[in-house]
Amino acid sequence: MTTARRFCPKCGAQVTFRIPEGDNRERATCDSCQHIDYDNPRIITGTLPRYDGKILLCKRNIEPRLGYWTLPAGFMENQESTKEGAIRETLEECGSKVLCQQLYSMISIPQINQVHMIYLADLENADFHPTPESSEVQLFSLEDIPWEQLSFASVRQTLQHFVEDSKQGHYPLHEDTLYLNNLMTLP
Ligand SMILES: [Zn+2]
């Protein structure tokens, strides 16, 4: 369950897990330099890129879920906004520049301590290509979404919302919490 460090990131001493004064849960704390190593959820940010009535998916060229189709997304970096991260990830994975629109899907996944944030986005043009992270990048019409070959439950959830919302032409923010049967497969 815990992914916490066993050694202090500041001084390298072995940490002990205890509840700091005034806190309510165990933290990796350093008895040598008093550093408290907070281990909190990570944000995955990305886009749902649209173009000409289709959506852009990329086939993962990296583990986990190598060979499965996904939305361009990845870990948010320090010193950037979620929107900037979404644009950066889309460029890195699809080679394409997008006009990033509103936040569309925000999914908490408590079992793996992640929050996935997906923005609606529009491709500036049909310029996209495979990258080190994606073996294929392809536009799909909504009827042709490869449901059986999607990478992650969060991608499936977001695309299901999108297909439904496309019938109305209305795209409100969806907030979900996913509980997975198997972390590496779809629920
Ligand atoms: Zn220390």
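Start by selecting the zinc ion. Its protein donors (N, O and S atoms within 2.8 Å of the metal, or 3.2 Å for Na, K and Ca; water is not among the atoms, so sites may look incomplete) are Cys8 (SG), Cys11 (SG), Cys30 (SG) and Cys33 (SG), lying 2.3 to 2.4 Å from the ion. This is a predicted model, in which local features need pLDDT of at least 70 and side-chain atom pairs count only at pLDDT 80 or more, while totals for chains, interfaces and linings use all residues. Residues are numbered from 1 along each chain as its sequence is written, and side-chain values use heavy atoms, with hydrogens and water left out.

Check the angles at the zinc ion next. The 4 donor atoms subtend 101 to 117 degrees, so the arrangement is tetrahedral (four donors count as tetrahedral if all angles lie between 85 and 135 degrees). Ideal angles for four tetrahedral donors are 109.5 degrees. Along the chain, the donors follow the spacing C-x2-C-x18-C-x2-C. Cys8, in the segment before strand 1, and Cys33, in the loop between strand 2 and strand 3, are 25 residues apart. Strands (E, at least two residues) and helices (H or I, at least four) are DSSP runs, numbered from the N terminus.

Colour the two cysteines by accessibility. Cys8 counts as buried because its relative accessibility is 5%, whereas Cys33, at 33%, counts as partly exposed. Buried means under 20% relative accessible area, exposed over 50%, and partly exposed in between (1.4 Å probe, protein chains only).

An open sheet is formed by 3 strands in the order 1-2-3, with antiparallel pairing; two strands pair if DSSP finds at least two bridges between them. Its edge strands are strand 1 (15-18) and strand 3 (36-37), each pairing on one side only. Between strand 1 and strand 2 (residues 27-30) there are 4 bridges. Select Val15 and look across to strand 2: opposite stands Cys30, which is also one of the zinc donors.

Move on to the aromatic rings. The structure holds 4 aromatic pairs (rings of Phe, Tyr and Trp, its six-membered ring, with centres within 6.5 Å; planes under 30 degrees apart count as stacked, over 60 as edge-to-face and the rest as tilted). Tyr104 and Phe162 have ring centres 6.2 Å apart and planes at 85 degrees, so this pair is edge-to-face. Tyr104 lies in strand 8 (residues 98-109) and Phe162 in helix 2 (residues 153-168), so the pair ties together parts 58 residues apart in sequence.

Methods:
Four donors count as tetrahedral if all angles lie between 85 and 135 degrees; four count as square planar and six as octahedral if opposite donors are over 155 degrees apart and all others between 65 and 115; anything else is irregular.
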